[in-house]
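This briefing concerns how the chains of the model are arranged and how they meet. Please view the structure below before reading the points that follow.

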Protein chains: 4
Amino acid sequence: MKHYYDQIERINYEGTQTNNPFAFRHYNPEQIILGKTMAEHLRFSICYWHTFCWAGTDMFGSGSFNYPWQSSADPLSNAKAKADVAFEFFYKMNVPFYAFHDVDVAPEGNSIQEYINNLSIMTDILLEKQQQTGVKLLWGTANCFTNPRYAAGAATNPDPEVFACAATQVVHAMNATHKLGGQNYVLWGGREGYETLLNTNLRQEREQLGKFMQLVVENKYKIGFNGTLLIEPKPQEPTKHQYDYDVATIYGFLKQFGLEKEIKVNIEANHATLAGHSFQHEVASAIALDIFGSLDANRGDPQLGWDTDQFPNSVEENTLVMYEILKSGGFTTGGLNFDAKIRRQSIDKYDVFHGHIGAIDTMALSLKCAAKMIEDKRLDQKVAERYADWDKNLGKDILQGNMSLQEIAQYSLVNNLQPKARSGAQEQLENIVNKAIFG
Amino acid sequence: MKHYYDQIERINYEGTQTNNPFAFRHYNPEQIILGKTMAEHLRFSICYWHTFCWAGTDMFGSGSFNYPWQSSADPLSNAKAKADVAFEFFYKMNVPFYAFHDVDVAPEGNSIQEYINNLSIMTDILLEKQQQTGVKLLWGTANCFTNPRYAAGAATNPDPEVFACAATQVVHAMNATHKLGGQNYVLWGGREGYETLLNTNLRQEREQLGKFMQLVVENKYKIGFNGTLLIEPKPQEPTKHQYDYDVATIYGFLKQFGLEKEIKVNIEANHATLAGHSFQHEVASAIALDIFGSLDANRGDPQLGWDTDQFPNSVEENTLVMYEILKSGGFTTGGLNFDAKIRRQSIDKYDVFHGHIGAIDTMALSLKCAAKMIEDKRLDQKVAERYADWDKNLGKDILQGNMSLQEIAQYSLVNNLQPKARSGAQEQLENIVNKAIFG
Amino acid sequence: MKHYYDQIERINYEGTQTNNPFAFRHYNPEQIILGKTMAEHLRFSICYWHTFCWAGTDMFGSGSFNYPWQSSADPLSNAKAKADVAFEFFYKMNVPFYAFHDVDVAPEGNSIQEYINNLSIMTDILLEKQQQTGVKLLWGTANCFTNPRYAAGAATNPDPEVFACAATQVVHAMNATHKLGGQNYVLWGGREGYETLLNTNLRQEREQLGKFMQLVVENKYKIGFNGTLLIEPKPQEPTKHQYDYDVATIYGFLKQFGLEKEIKVNIEANHATLAGHSFQHEVASAIALDIFGSLDANRGDPQLGWDTDQFPNSVEENTLVMYEILKSGGFTTGGLNFDAKIRRQSIDKYDVFHGHIGAIDTMALSLKCAAKMIEDKRLDQKVAERYADWDKNLGKDILQGNMSLQEIAQYSLVNNLQPKARSGAQEQLENIVNKAIFG
Amino acid sequence: MKHYYDQIERINYEGTQTNNPFAFRHYNPEQIILGKTMAEHLRFSICYWHTFCWAGTDMFGSGSFNYPWQSSADPLSNAKAKADVAFEFFYKMNVPFYAFHDVDVAPEGNSIQEYINNLSIMTDILLEKQQQTGVKLLWGTANCFTNPRYAAGAATNPDPEVFACAATQVVHAMNATHKLGGQNYVLWGGREGYETLLNTNLRQEREQLGKFMQLVVENKYKIGFNGTLLIEPKPQEPTKHQYDYDVATIYGFLKQFGLEKEIKVNIEANHATLAGHSFQHEVASAIALDIFGSLDANRGDPQLGWDTDQFPNSVEENTLVMYEILKSGGFTTGGLNFDAKIRRQSIDKYDVFHGHIGAIDTMALSLKCAAKMIEDKRLDQKVAERYADWDKNLGKDILQGNMSLQEIAQYSLVNNLQPKARSGAQEQLENIVNKAIFG
């Protein structure tokens, strides 16, 4: 393995006393938190696309990074060089997982046959690198949105041949994921939406998407893939409206097509906020609906209306997220994938380390703070007390269906109910949270 | 009937040539559009609350209106005086329908018994006024959000006694609606949401809400009410997050509790935009999901983040909405209720006429423009052509389930698919729309 | 002094080891940070309006608090009872300052004479209470937005008599502030804006506002008031657009009317975010424009589009704000006023303590973290290095005006400039910040 | 001239009766409106960049357009082929003006010398094409944001050499504009802002920007350019915050550096809405501040948080804009430049005609509707009446400075002012506007 990041050996835990910027201050993989190691809790993953494919472009600027693995005229050579650097980085970052799109790791080629061949070659290479480094695959996915053929959507395209192309990519990306021992397979509807309702048949496109997902589920069993299928919600961008808008929208979609037991959600922080929700809201909603799967950990900018995909750096925000996850029992096949990119100005070779180190420490510290919230018990108790009357007579009779609406009304009248107001205690609860975070 | 608006007889259609600001320029109730009268298409309704209950307050200002029917020390006298003015106005505005909350028309009183008595007295009065004026009830509803007892929600309250109070109001509001021949009954979750997840059990509150709606459906059949049950989506305000966020969210909720055949949605323009959607999107989505019911026609301000509830005045926006409705076959029990209020500065007694006249003409003209979009046929054809291949071999085989994902992939490979790009033609379609609106 | 909060003596610093929720964990008034006590740095102030005047209403709900001092039929008795509780609270919260609007402390009365008399009576009472408790006045202001006469603005009203009424209030509120030793006087344009441009003469209203501010400056000198005049930016709400939109807008306004040396800004966190800016941005901008005055410390909700006025609880956000303030030399006459209110559900008598304690500890901890950012020196150095070339030849020649545009172009050509890209190092800097906050 | 759009001769006015989609329905260049031809009023311009340089990429998709003039390996050949198509299009679209950035028309080359040479060659070609077609230059500008050297800004870059590069481009772009008879020169601060305050010296960057603008003004006089200098406001994107945020912000900047008589603003609709303002607001504000210059006519999407740069199609929105412009006397050197691009899916060669035809008719119809608003006179009168008291005694005394604040207060007391409330009449005024638009 050629060494691109030759100034770094590996990022290790050194604790808060260290002045070494290339060390973890909070993430100690072996440390036990509530009975599991931090590594088991957090299941960090690094993404191929932002970290090794994105060239530093934006809508108003050309690429600023000039990566050597983007310089060859031969796409397959580039792909191999990129894999070298990627696994060097995964290893040096000391994370257990990575994640990729098909075309991140293998060139598209000029025909479907070439695509298949390239992906096959690269899958073998990735497998070898996984074995060499011990890095595992959190999930694979297919990029069905960059190629102009997907301009009007993939599964929801007005042209069934485009649907077929997407199906082809998904079949091969699922195979690759399966071969590489991926723990999940993600479906990301990057253009499953519309630009204008004027040219769109909503009902038709929804049927197509439903059918596509049903076929994917069927295919999962056919190939014997034991991982979890995940859909990633995003409300818009680049489309005007995307059908996988948010967790609640996906839940309705899954219910309509009988898929709510088969598919879960991969929630991204920045997509949550673009949809008008807090990250915590989306996670808590998915848990309450039994479709929580995995996280794309990043952050948006509260003042900006597009996907900035910055590295998470808010312990305050992510403590609340980790609290929801801990309460629900933690990740099963999912994990914390950093769907995040360094800024276009961050052209120093080692900026990508700073980004990931900061993110990992943020999530690790958030886990610790969330554990303190659990251990403090007051939050849990306050909530339990607040709803306690639903376990008593009237509450139970209502929820168990023992009273009709009219009987409830009659009960209210007879007892001339005047419910006693109780404080929601929001300020007090917020202080308890800040105590868990800041001592 | 005492006449409060003594300068106005009744608003009639005078056509675009008139200079009379107190006449309709576009709304001609008897005019036939695509086989139905405009009155039948539009089913206008005026709301009691904004028009006769709101005193001109805002979060930073006290009431500016000084309505005479808010001046008596006796709430029931006020209610009666208000009913007089309301029906005078409904009649003079020449609309077929009105809509109300229980506490808009009858005082809450100091006990449940008083509430029931007051509502009973006022229901009789309203019935008499309906008969006198010919104005009918589009829908009734219960206000389960203003009284401090509902600060933490009604059906989703942590206290089952509050749930019971809400049930009581709904029973009596449904009875009143039934007696008054209401064509729909609306459930509006004004506080069914949360302020902070820290004190909230999402799963529990969702169960409560599901049970409440099931009880309401059951009660509808029990009392023999033939109208439609409607839920009104709103994403937030005054809560941080409301469970009836938008159409897609409500669809998932209805599916979870087996209610998708029983309850439809009453969509408000301003709530759509607060949820990050266009009004057209919400209407089209509800139609595509078979849960479209009725409209609260108003507008928000694109630069403001709260419910401004202004009168609709955009023909451009509402033409697209009426186009979706016309394509779907039009309203059945639903209609166009103006959930809109004059501005706090609009203290002239007749400003409320200007508001409603402008709104009615906006929607009437939107209907006519939408009819032209239908008659032009090009829009419909373009969409049909765009998806035409889904009725051919590959498309049919996919949608009918004749091919597995792998068979589709194999088909793509064998045929080396290179789907031909086709224009989405958005600019051309937008020009067709503007031709329909502006000639 | 009658004791309303009879379960609390006074809030004191007990350090992070305490389990007492009614103690400061981080705010130790006497602790020295960078050469000054925390009390001197932070200059906390509690506001009269949210804490003692707001009844727990919102746009969809009636008051939930039932304060005893809002129960009398005699407004002046209420005002006196309110002053008792207010000063009890200021004292028990252990803050050095408070702030008020004229009509928070004294009833408006039914005529200008009554208003003047009431304010005079109450000013005497407040003065006495200040002397008894040692609590001082951070600033006074006049409420020229709640009364319906101000529906179309105060200084910018189309009616000069309304301008005159506002002038009257400001004269008397300035006198009261002066008498009470207030350190600043704030002008808050709660309705200085428009609802619709259709009825608005922007140029005229701007002239009126400019004249008003000039008169206020003149009056300040006339009465010998030595405090600072402040304008508080807010972009909208309740208006569609407010002329004091943000810091940059106010700067342009001050420049136009020659007031940039006379008036500074009082920046509120929630107003900053409603204007599309971060709180840090607004503070840093005001400092860079030499118009920074004081802060209304609170927080909005990133998902909500109105002024939620919650208590600040983000150390992450406020550390950045305090860092800007420390770098600029700290407050002079300004301070940290909590323009924040407990939630409508927070009906427990002591919730208002939890709100303020959490806020005070948040800001105190933010100060300490900001001091660490200063002491770390790396942030400062990085910025200094980044711009260092502006102190060398080319940079100096440009900024000192020694080169024309064409000479610069010629220089570039002759030297065939190919500037070397340098990393913006954002991720690295963010890690340094998190180290200051979280260790 | 080779003909790329070989199916189109030229777009002409055919009136509303035509069914020809390649004709103007509302824009009749010779038609007289309020004493001037429509061509003189509207001064349409087509932009080079979106129409001929943008390849159909977005942040998640590669180019969909495959333009022949982007296919050669020789940049100068491409530039010449592009100029051929561009002028064919300008001519066929029948607009009087176009606009460009330096690098839209000429390749950047690999050195400053190459850049200068290329621009010089292409300027000669453009001049010839202007003479052949009669199309004139509305404005030129320099692209100082795409090249990675500008990643941290141009004039505001921490590196003075980058400032010098930007100065070089501006010198040559101004020369080209001057040579081509451009009527304005635009400065567009595409990256004059920051990504994070942590690495930014706001005061320093503002000084740099001020100096840059002063040098540009000086250079304008030096080269004898008689056109208008314009700055284009934009709040953000791609930066986190841009210094030319909105009209009010630019006004303060111009005042600080003594430039308010020298530089005006070029307002873009989509930038206005990204800044939280209506397009009308920004135009009206610029007029009220005497810095209105020109327009970038386009539209954003009210639900999306980035610059979608769609073609304007709202007559309702643009009528209000044209009304402000007509009231102010109309454009002088400015005009209506379509800073708009077809959608990525609009891959039909003639979609770009549909886009521009719809936009031109939208603005033409908006002009006619605005003229009706002027002719109706009621709007103007209502506003005049509303402020009429400012021309009477009290109003004049206040504005002319004849009364101090205390004298005004004394006047209020003596007269016990109780200003009479007057309706803002918003609904009535909105109906008048809709009458002007829809008859």
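The model under discussion is predicted. The contact draws 94 residues from chain D and 94 residues from chain C, and about 8000 Å² is buried between these two chains. Chain B and chain A also form an interface, with 94 residues of chain B in contact with 94 residues of chain A.

**Interface of chains D and C**

- Of the roughly 8000 Å² buried between chain D and chain C, 65% lies on carbon and sulfur atoms.
- The rule finds 4 salt bridges across the interface of chain D and chain C.
- Asp159(D) forms a salt bridge with Arg422(C), and the closest N and O atoms of this pair are 3.3 Å apart.
- Polar contacts across the interface of chain D and chain C amount to 30 residue pairs, both residues being at pLDDT 80 or more.
- On the side of chain D that touches chain C, helix α7 (residues 202-223) gives the most, with 14 residues.
- That side of chain D is made up of 45 nonpolar, 30 polar and 19 charged residues.

**Interface of chains B and A**

- The area buried between chain B and chain A is about 8100 Å², and carbon and sulfur atoms give 65% of it.
- Leu198(B), Tyr387(B) and Leu405(B) together supply 10% of the area that chain B buries against chain A, more than any other three residues.
- Across the interface of chain B and chain A, the rule finds 4 salt bridges.
- Asp290(B) is paired with Arg203(A) in a salt bridge whose closest N and O atoms are 3.2 Å apart.
- Between chain B and chain A the count is 30 residue pairs in polar contact, both at pLDDT 80 or more.
- Helix α7 (residues 202-223) of chain B gives the most to the side of chain B that touches chain A, contributing 14 residues.
- The residues on this side of chain B divide into 45 nonpolar, 30 polar and 19 charged.

**Salt bridges over the structure**

- Over all chains, the structure holds 64 salt bridges.
- Asp159(A) forms a salt bridge with Arg422(B), with 3.3 Å between the closest N and O atoms.
- This pair crosses between chains: Asp159(A) sits in the loop between β5 (136-141) and α6 (160-179) of chain A, and Arg422(B) sits in the loop between α15 (405-414) and α16 (426-438) of chain B.

**Fold and dimensions of chain A**

- Chain A comprises 16 helices and 12 strands.
- A compact globule of 439 residues would have a radius of gyration near 22 Å, and the value of 24 Å for chain A agrees with this.
- Taken along the principal axes, the C-alpha atoms of chain A fill a box of roughly 85 × 60 × 45 Å.

How values were computed: Residues numbered from 1 in each chain as written. Chains lettered and ligands numbered in written order. Predicted model: local features only at pLDDT ≥ 70, side-chain atom pairs only at ≥ 80, totals over all residues. Heavy atoms only, no water. Contact = heavy atoms within 4.5 Å. Buried area = accessible area lost by both parts, 1.4 Å probe. Salt bridge = Lys/Arg side-chain N within 4 Å of Asp/Glu carboxyl O. Polar contact = N/O pair within 3.5 Å; in protein donor to acceptor, adjacent residues only side chain to side chain. Helix = DSSP H or I, 4+ residues; strand = E, 2+ residues; numbered from the N terminus. Nonpolar A, V, L, I, M, F, W, Y, C, P; charged D, E, K, R; others polar. Rg over C-alpha atoms; globule rule 2.2 N^0.38 Å.
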